[in-house]
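Have the 3D view ready as you read.

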Amino acid sequence: MGSQEVVELLGKCLRAAEAAAEEASTDVDRHNYCSVRDSLCAELALLLREASEMRWPFVPERWQFQQAVSSRDKSNLNELVGQHLPQLLNVLEAAIVAREAGAALAVIFLLDRFLYWTDESGSLLKISKLLHKRYRGAPVAPQLLIRQARVYLSSGKLEKAEHILSHLIANSGDTGCWVYRSESDRALVQAVSLQVRGTVLQKLGLWAEAAELVWASLVGYNALPRPDKKGIGTSLGILANILLSMNDEDFRAFKSTPNVDLSLLGDASHRLLSAAKAAAMAVVYSQYTSLYVLTNATAQGTCLLSYSFSAACLPAKRTFFLLQAKEAFEVGLLAKTEGEVVPSKQELHTFIKAAYSLVVTHKWLDGPSEAVTRSSRACQEALARFYDYCHADAQDRGSFCAEIMGLMARVKLELHVEPFVNSDSRSFIPDSFRNMSGALADFTLDDFSRVLHRFQKYHMSLCKTTNAKCKAGNQVVDGARMCITAFGTTEDVFNGECITEACGLSRDARSDVSRLPEPRSNVASANSLGSSRKKSSSRRSASGRCAVDSPAILRSQRLATHLSSGASHSSDKFEIVEAEIPTVGSDTPDDDHGPTDPPADELPQSLSRLMLRSSSLSNSFKSESSWENISRTSRSAGSCQSSKSSESSGSFFLMKTQDCQTSDPEYDTASGWEFLCMPKALESPNVDSGSCSTTEPSTENSHGTPDELTLGPQTSYPRCDSCLKSNTPARQYLLSREDYRSLLAGVCHGCLLKRLSSDKAKFKLEHYSTAHDALHLKFSKASGLWTARETCAYIGQSMGLHGSHRTAIWVQFLHQEERLSSYVGKDYRKPTQIQFHLRDVERQMTAQYYVTEFNKRLYEKEVTAQMFFLPSEALLILDGDEIAGCITVEPYMLGQFVKLTNNIKKKNDKLPATEYGLAFGHFTYLHSNCQDVVVDLQGWATANGKGLTYLTDPQIHSTRAPRGPSNLAQSGIASFLREQHGPQCNKEVTPPRSLLGACEQRRGANMRLFVVLACFVAACVAQKPHPCTSPSLLSGQLTLATQNEQLWAFARYLYDALGHRIRLQEIGFYQNKSFTYDALLLYREALMYEINHQEHTCKKRALRVDFHPMAVPRNASLLGQAVVGSSSSPGQGLLVNTWTGKLPDNAPYIVTVTEFGCIPVSTTYKTLSFGWMVTSFFNNVIGISDPNQLNPPDFCQDALDEEPVDFFSLFRVK
């Protein structure tokens, strides 16, 4: 049945539902319904009866709950529904006309999954809502309510999706008049809701939190009397993608979470291997459904491909993992045979992703070839057709689908994808996959209840913030009676009060609104353009409401949309209204004033901890990073870049350069990742914090100075392996094979800036609607690393919205987190250097780090509000192997855009969410040791301000970088505290005195007025000490002494948590004998070198302990907070936290670290051999001045193996 016929039949059903309230049914209508219903085949008739009787909350697949699957069970419901789709739609229409609401909703229940896969859920959900309004007593299946949440997620209405899911989780799945037959059915609904909410957090870039929720859903699926194989497979696949995206520090924290046991995923030592195993298990669990096999096999291949480039992968094993990735991608591509129809956006997108990933794998296995080049172009063409498919009318989709699958067949032919051995004709996986070991542990419903309890507080609090009104009446819906219309798309966000200063519009301004460019193919315009948009006029909406944008906002204007969710043809309207809060000194470059010095090594901290024995301090936690400026080295732009490389495929990009020289046209295979020196301390700028009357600078050259580009964390970012390579390419933006390896493995922030920054080369997209190869760059604030992934991106049509400095573009790329979601690309209107795009991403991800910590404090204080920053990423557009452009991308959000504050003094007091925004700003000030504040808050907020707020495009004032147009440094912080925050915080909680005292010492008398006052909610409780992780690069000195006085040692140490390396150069006494010792510990190689520089000799020993980074364990107990020295006046004391706990062998320990930076001060723990051992650290410096000291000297190459060694033996007589 063609998609056009489906649309026409659904249209008839929709019109019947709309007319149901006006006309009464007749005997003829009821007779016709019975006749049509009785014409169904026996299997469908049975399913329809069971759906009407509410036998299950989700329509089950035959194989879904079977441990031993028979040949009869190896089929899918979609096959049955697809064969009889016209009959079912006729039954639906007849039931609606006959006023048989229960039967109609039961038919919708059966049709739901099939029509979701064919991108027609929107119409079906509209019919469901109309029926519910007319027949309040008719039960609506939980599956339909969760489908609505999925559609909201894909279309960008995250707050509505969150509310639906939280209600179902908190209220045991209660919804409308649905009656559950068992408690296990309720648990199933909660498990599915947890799984979908995990994908919401995944889309927001909150990997650790998303992983916990998806793991909880796995517990739920396994706790059922008959485990849900389909649910398990889906959650494992989602978990694989989350592990792929998260950083290593979050992975360590996730592994240590209670009730999380990753041993079922095999070797859990590396997150990418765990992710690959999870995806492989998902393939086996879902082997009878082609879409699931395709999705999970592609995820498996992506994890293996990423691992092959990681630093943990030994060079000798790289080909092995590439071959495994190749096999996984081929399994996915063979899930459909040539000629099969694929009427699903999800499936088409994943097919193209699998094909492109296979092309990339072949490139790395066999090198560039004509077949690889042709296949890559076919994938680009397929992605362009996919974009057209997403925005096409129903009658045109079939031709686009056929064209895409034809291109996929061409790729399979070019790359010689051969069928695999498969003894089961109903399965979509090779026989070799079925032998894959791995089974989940046994869980009970009590286990699931305990897991749910961990999340119950949040979900209950979110339910309380929702004043959801059922569209069937005016009653407020409580959690136990929530219905499908409780979060309808027509729900207003704000009350009727106008929240702009002027709601009138001149005639000219009205005509400007009417001339908004129409998006291509009915694509709705987005409403997030950043903090520097053109100021537009305002008008009162038809309902008398206004909304705030920054400074232009979009509200609904009848634009039928095909959001990539397949979530219906939206009828959202848009109108431009004036914002009363413009941003001052907006963050954008002037065409004639670019930075003259590229920023150099910015060294972000990682999360690591030093362990003095293999079992010590085994639980790590995220670091409390903030920002610190780094040193810079001046470098010219190098060679002149042409708009197209010699391998150009007709790029639509124009790269403009100024004052440059002709470059060497030859391909340079040398890497351009240069060795970067360690930063020197930078003095704070001499700014009068009290003189804020002149804090509004000119917007000229408003992107800031080069110094301002290098804001860094409180503990500087770590460096990567690429920092140790000193070659500079002849053509700066031509990427060599080694460049690709470095980017795919992950490079530090300073290294990336050093490699790509230029004071002359500028980029600007010149043409749209073209697919291109690209590098997808993600930045992790916790690790300080940028990690790339090779992808294909389609730069779609402009949204027709242009801010003062940037423009918004529809973007689709293969490795986006959510396949069905739309993404917004942001490009500067004038040619701009790449470093500005990277800075935009780094700034927003830093704000995301801060707001994640802020939400933890809100949760601890049982405050219902939560704030999120959308994840921002970069796409480096490639023309051949040359970088031809750069844009930033983030998820598309649909809703009313509001501006809470600007970057100086203005704030929107009419919005309750502004109070939380100011609290967040104060939190960042305290959390960063009074050196940063996040301002210019804008995004999407719920009506009462106590629910969810999604933010984008912030600014950060920091004293760790020189003042510039966007970073107003101390005066910006002072202005925030005085003008926005005010002389008093909001009323509920007061801040810890110790923290306020530290800020007083830091800032002195000029700042005391602002920090000694009581603070609102989490901003003031933000600094309650929490377990922390030390910077991953440290050098300094330490002393070690034992209780029995047998051992005393002094050592200089170098500590590298990124490379798992430690260097100790020590002198000491052991049993009254002196010794000197120089040891290099390489934990990844499990080797230790004893180095004698005087004699140029080495001994090599096996190292029989694991590396454990330096951190306070998460299960440690706080003994107290104290000031070492004096707190009488500034500079006389150091704020430290002391923790205690027990090691796994039950030995007690005490550890003291600094409050700011988590720098180790001392550790004390008890051993059998020496009694209490005390280690004191001093002269600590973040970073390593000479990384070569962490490599074995040349004379150690032929070192002979000696007996194994443990850590303590390093301090004994040799």
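## Aromatic pairs

How many aromatic pairs does a search of the whole structure find? The search turns up 23 of them. Keep in mind that this is a predicted model.

Let's zoom in on one of these pairs, made by Phe869 and Phe920. Their ring centres are 6.0 Å apart and the planes make an angle of 50°, which gives a tilted pair. Phe869 belongs to strand E10 (residues 866-869) and Phe920 to helix H26 (residues 913-927), so this pair ties together parts that are 51 residues apart in sequence. Both Phe869 and Phe920 are buried.

## An edge-to-face pair

Now find Tyr1083 and Phe1107. Why is this pair called edge-to-face? The planes of the two rings are at 70°, and angles over 60 degrees count as edge-to-face. The ring centres are 5.1 Å apart.

This pair links distant parts of the chain, 24 residues apart. Tyr1083 is in the loop between strand E21 (1073-1082) and strand E22 (1087-1092), while Phe1107 is in the loop between strand E23 (1097-1103) and strand E24 (1117-1125). Both Tyr1083 and Phe1107 are buried.

## Charges over rings

Arg147 lies over the face of Tyr116, 4.1 Å from the ring centre. Over at Tyr740, the charged end of Lys363 sits over the ring, at 4.8 Å from its centre.

## Two helices side by side

Next up are helix H8 (residues 142-155) and helix H10 (residues 183-203), whose axes come within 11 Å and cross at roughly 0°. That angle makes H8 roughly parallel to H10.

Which residues meet here? From H8 come Pro142, Ile146, Arg150, Leu153 and Ser154, and their partners in H10 include Val189, Val192, Gln195 and Lys203. Sorted by type, the residues of this contact are seven nonpolar, four polar and two charged.

## Two positive phi angles

Finally, look at two backbone spots. Cys930 has a positive phi of about 65°, although it is not a glycine. You'll find Cys930 in the loop between H26 and strand E14 (932-935), and it is buried, with a relative accessible area of 0%.

His1060 isn't a glycine either, yet has a positive phi of about 55°. His1060 sits in the loop between strand E19 (1047-1056) and strand E20 (1061-1070). With a relative accessible area of 21%, His1060 is partly exposed.

Methods
Residues numbered from 1 in each chain as written. Predicted model: local features only at pLDDT ≥ 70, side-chain atom pairs only at ≥ 80, totals over all residues. Heavy atoms only, no water. Phe/Tyr/Trp six-rings, centres within 6.5 Å; stacked < 30°, edge-to-face > 60°. Helix = DSSP H or I, 4+ residues; strand = E, 2+ residues; numbered from the N terminus. Buried < 20%, exposed > 50% of the residue type's maximum accessible area, 1.4 Å probe, protein only. Lys NZ or Arg CZ within 6 Å of the ring centre and 35° of its normal. Axes fitted to C-alpha atoms, helices over the stretch in contact; angles between N-to-C directions. Parallel < 35°, antiparallel > 145°, perpendicular 65-115°, else oblique. Contact = heavy atoms within 4.5 Å. Nonpolar A, V, L, I, M, F, W, Y, C, P; charged D, E, K, R; others polar.
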